[in-house]
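Student: Hi! Could you walk me through this protein? I'm new to it.

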Amino acid sequence: MFNSRLVPASPPANLTAYNTSSTSIRVSWDPVPAPLRQGFILGYRVYLIATHGQPEQNRRRRKRTSRPTRNEIFMDTANLTTEFQGLEKYFNYCVQAVAYTRIGESNRTNVTCMFTDEDGEYS
């Protein structure tokens, strides 16, 4: 049984991200485990954070806030995957995700960072 007055007790599970081209990143995850949903999951919000540091440095930082910052955008979806396109070539990005109910968001997942692919011209 769930309490419809609470936010999910856990973020989405097993967040993974990988570059699909020099300008796009695909993110996927598993749903919040059923006992931790605490209501009807309306969707998922995936945050993309553009960074200038090295991936290891960014992995150690965990954002506690759910509000976007200047260097971050988000995408809402009801699916278990999404793709960010139109990104900078060979640029470091970090992603996090939350599940949300009508009451609010879960905590964010751990940060996952990667670079978009390099792009070169070959003659």
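**A first look around**

Tutor: Happy to! Start with the contacts (heavy atoms within 4.5 Å): among those in the protein with a separation of 6 or more, 73% are between residues 24 or more positions apart. This is a predicted model, where local features need pLDDT of at least 70 and side-chain atom pairs count only at pLDDT 80 or more, while totals for chains, interfaces and linings use all residues. Residues are numbered from 1 along each chain as its sequence is written, and side-chain values use heavy atoms, with hydrogens and water left out.

Student: How many helices and strands does the protein have?

Tutor: One helix and seven strands, in the order β-β-β-α-β-β-β-β. These are DSSP runs numbered from the N terminus: helices are H or I with at least four residues, strands are E with at least two.

Student: Why is strand 3 largely enclosed?

Tutor: Strand 3 (residues 43-50) is largely enclosed by the rest of the structure because seven of its eight residues are buried. Buried means under 20% relative accessible area (1.4 Å probe, protein chains only).

Student: New topic: which residues form the covered face of strand 5?

Tutor: Thr 82 and Phe 84 do, while Thr 81 and Glu 83 form the uncovered one. Ile 25 stands opposite Phe 84.

Note on methods:
Buried means under 20% relative accessible area, exposed over 50%, partly exposed in between (1.4 Å probe, protein chains only). Two strands pair if DSSP finds at least two bridges between them.
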